[in-house]
Amino acid sequence: MGNNLDALTTIFTEFYYWVTVVFMFLIHVGFCMYEVGVSRRRNHLHTLMKNTMLIPLVTITFYFFGWWIYWALPNGPWITGPLLLDAAAPNSPVSQTMGTNLQDHITGVFWAAFLLFSWTVASIVSGSLIERVKSGAFWVIAIMIGSVTWIIDAAWGWHPQGWMVKVLGYHDAYASGVIHAIGGGTALGVLIVLGPRLGRFMADGTPRNFVPHNPWLVTIGLFLIYTGFWGFYAACNVPIISPEGIGGQITGATWTATTIYLTPTTLSAITVNFLMSLSGGLMVAYIISKGDPFWTYSGGLAGVITASAGNDLYHPVQAFFVGGIGIWIAYKLHYWVENKFKIDDAVGAVAVHGYCGFLGCVFAGFLLWGYPSSPYEGFATINPLGNTIGGFIMFFVLGFVPGWVVAKILDGAGLLRVPRQVELMGLDFRTLHEEEEARQEVRAAEKALV
Amino acid sequence: MGSTWAVDLANIGPVYPWLGSELIMVIVAIVAWILWHILQIRQEENEYAEDIKEYGSKEGIKKALDEHPS
């Protein structure tokens, strides 16, 4: 910190990211509530622990290797350059900047912001698999996406020097592709191997409705996810930086907020666009689902997800329509895929995150066609083909394929799915049974005292 | 870091204990992480096997479904 302005900027930036981390914690609270609400009563403890324990597991593995990956792999490696070992060194778990270090206020809190993205992407997969996946298997999948595959995609398409940004002109400011498409793609890959819950489909293939045991928990959970999403949006920005600090083509001395690509935007603009895309999603979802609360709430989320790739630059009306169109397509696709391929996605994550995330990349490619993807020279401009290829890489190459392969390996080892008898009894059966016995014992003891 | 705060903070960097032993600490933590998965998977498999042994007959499953229908 050379002078008072530098010191103030550094401390402000440190505090800014800290606030986003606290806000983003609500995303996980919301996902837990949502999943537990959707699950049947005899499975809800297992469902809760499955999602809760990804927190420590993704945290420690993101510390061990996830954060290093982000800084080491922007070039591929060997697509636009080598492994960036020097850039990655201060972000390795053995670096002195990862501990209490009075010369570094940013590395730790920036790590934490990215870590919360990691929890979110793993949590997206979690909901799809409820009521039949083994916890141990899910946690391996959570570490795969939370500390390996998503952070590879972030290095490629969500880093100022990422090869996808340079070569494809890929633009995904608030992570339609890098978080949501990969999350949905991974969920789909795992679901194909895992199979539907027992009894989910009739003999003729017609799906049965597994009624959520607590719709209030589902709705409050989704409200909390919306709330945490504010923190997510803010965390995707660099809050304040000078043109000199960026070191690109921007002239003059006006400080600005930027996206992760260091392209200028404002917190104000992304706040308006967040709300407009949320509104577009909610309004269309309400109409197409005929007022179904589950789909209406999910539609709000889907609206934001679809517009996220371009919400740094869209006009509010564009954000509104992009959000609405996204959930309309995803809703139709969800039921078509469910009926055609008998995919049992318990929370609609593949549609809301996967399809909308991919669509968000495609839409941004068209609407922002010709905009610079970077403040630096030599980068491709934003274009439909680059963003569509980018969305495909996120959803399929880094999402679906690793999810399917790891699920196949786990399934081959007999570790993926709970035994049939246990699934039928309910994953919480023993706990519920023991609790009931304890209640009966207390009641009997109390009656004896009458 | 010494034993006093009577220093110019501009000259102070890392202050955590066991400075220089980061690699050893990380290796120990990684081993603990891997062991946790092994223990957890064994525990989960044993629990399912016990549940099936104790309650997994056709009658037992039907009783469980009656007790916990939702």
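Trainee: How do the axes of helix α1 (residues 4–38) of chain A and α9(A) cross?

Mentor: This is a predicted model, in which local features need pLDDT of at least 70, side-chain atom pairs count only at pLDDT 80 or more, and totals for chains, interfaces and linings use all residues. Residues are numbered from 1 along each chain as its sequence is written, while chains are lettered from A and ligands numbered from 1 in the order in which they are written. Helices are DSSP runs of H or I with at least four residues, numbered from the N terminus, and axes are lines fitted to C-alpha atoms over the stretch in contact, with angles from 0 to 180 degrees between N-to-C directions. The axes of α1(A) and α9(A) come within 7 Å and cross at roughly 155°.

Trainee: Which class does that angle give α1(A) relative to α9(A)?

Mentor: Angles under 35 degrees count as roughly parallel, over 145 as roughly antiparallel, 65 to 115 as roughly perpendicular and the rest as oblique. The crossing is at roughly 155°, so α1(A) is roughly antiparallel to α9(A).

Trainee: How do the residues of the contact of α1(A) with α9(A) divide?

Mentor: Two residues are in contact if their C-beta atoms, placed from the backbone, lie within 7 Å. Ala, Val, Leu, Ile, Met, Phe, Trp, Tyr, Cys and Pro count as nonpolar, Asp, Glu, Lys and Arg as charged, and the others, Gly among them, as polar. For α1(A) with α9(A) the division is 24 nonpolar, seven polar and no charged.

Trainee: Is α9(A) roughly parallel or roughly antiparallel to α12(A)?

Mentor: The axes of α9 (residues 215–235) and α12 (residues 293–308) of chain A come within 10 Å and cross at roughly 10°. That angle makes the pair roughly parallel.

Trainee: Is A:I130 buried or exposed?

Mentor: A:I130 lies in the loop between α5 (107–128) and α6 (135–157) of chain A. A residue is buried with 20 or more other C-beta atoms within 10 Å of its own, exposed with 12 or fewer, and partly exposed in between. A:I130 has 25 such neighbours, so the residue counts as buried.

Trainee: Which helix gives the most to the side of chain B that touches chain A?

Mentor: In this interface, 26 residues of chain B are in contact with 28 residues of chain A. On the chain B side, α1 (22–55) and α2 (58–67) each supply at least two residues. With 14 residues, the helix that gives the most is α1(B).
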